[in-house]
Amino acid sequence: MNQISPFKPIFVKNSKILILGSFPSVISRKFGFYYANPKNRFWRVLAGILNAPTPTSTDEKINFLLAHRIAIYDAAISCEINGSSDAKMTAVEPANLEPIFKTANITQVYANGGKAYEICEKYLKTQILNATGKPPVKLPSTSSANANFSFERLVQDWAVVVEVLKDG
């Protein structure tokens with residue numbers, strides 16, 4: 001079934017990094033915000049690497065991202081998908097990142113998981129390289145489906161984000 005993401009990118013002028021997911025899950029679409037599935041570890045991982053309380057409400061999540069100069073969006077704006085499995089994504093239409101790059105001073109783009117990275121590499125790499133001078137960086141997925149990665153290992157691998165945020 002063809003799905004169109006209901007989400008707009010979240011960023012402000014001083015956003016320094018952009019984290020791209022693949023496409024919102026069924027639960028995220030139902031609740032109207034990024035990483036809304038309580039089993040997804042995205043918000044806990046970010047809070048862990050930034051030594052901050054985990055945001056819970058949508059407003060807290062937005063404020064958390066903006067306060068830490070983090071922009072988020074999805075690599076795909078629409079796709080054919082049944083359920084939430086990235087493996088079942090086909091007919092991907094990539095997102096247009098230009099409005100983010102024109103407004104914010106993004107210095108690094110991170111892909112949350114293999115599918116997001118695959119979409120970046122296939123469709124968005126030139127746009128990302130032109131804007132940042134660097135290729136996208138693949139991070140392990142925070143999805144609960146990525147059971148090979150413990151929460152502690154995710155925090156360890158995602159810690160690279162903090163280094164970029166510290167610079168400048």
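**Close-up views of a predicted model**

At 3% relative accessibility, Tyr34 counts as buried (under 20% relative accessible area, with a 1.4 Å probe and protein chains only). This is a predicted model, in which local features need pLDDT of at least 70, side-chain atom pairs count only at pLDDT 80 or more, and totals for chains, interfaces and linings use all residues. Residues are numbered from 1 along each chain as its sequence is written, and side-chain values use heavy atoms, with hydrogens and water left out.

**View A. Phe33 and Tyr34 form an edge-to-face aromatic pair.** Their ring centres lie 5.6 Å apart, with 85° between the planes. Rings of Phe, Tyr and Trp (its six-membered ring) pair if their centres lie within 6.5 Å; planes under 30 degrees apart count as stacked, over 60 as edge-to-face and the rest as tilted. Phe33 is also buried, at 7% relative accessible area.

**View B. Tyr35 and Phe42 form a stacked aromatic pair.** Tyr35 and Phe42 belong to one aromatic cluster, whose members include Phe7, Trp43, Phe64 and Trp158.

**View C. The charged end of Arg153 sits over the ring of Phe149.** It lies 3.7 Å from the ring centre. A charge sits over a ring if NZ of Lys or CZ of Arg is within 6 Å of the ring centre and within 35 degrees of the ring normal.

**View D. Leu97 touches residues that include Leu18, Leu20 and Tyr73.**

Note on methods. Contact = heavy atoms within 4.5 Å. Buried < 20%, exposed > 50% of the residue type's maximum accessible area, 1.4 Å probe, protein only. Lists of a residue's contacts leave out its neighbours within four places in sequence.
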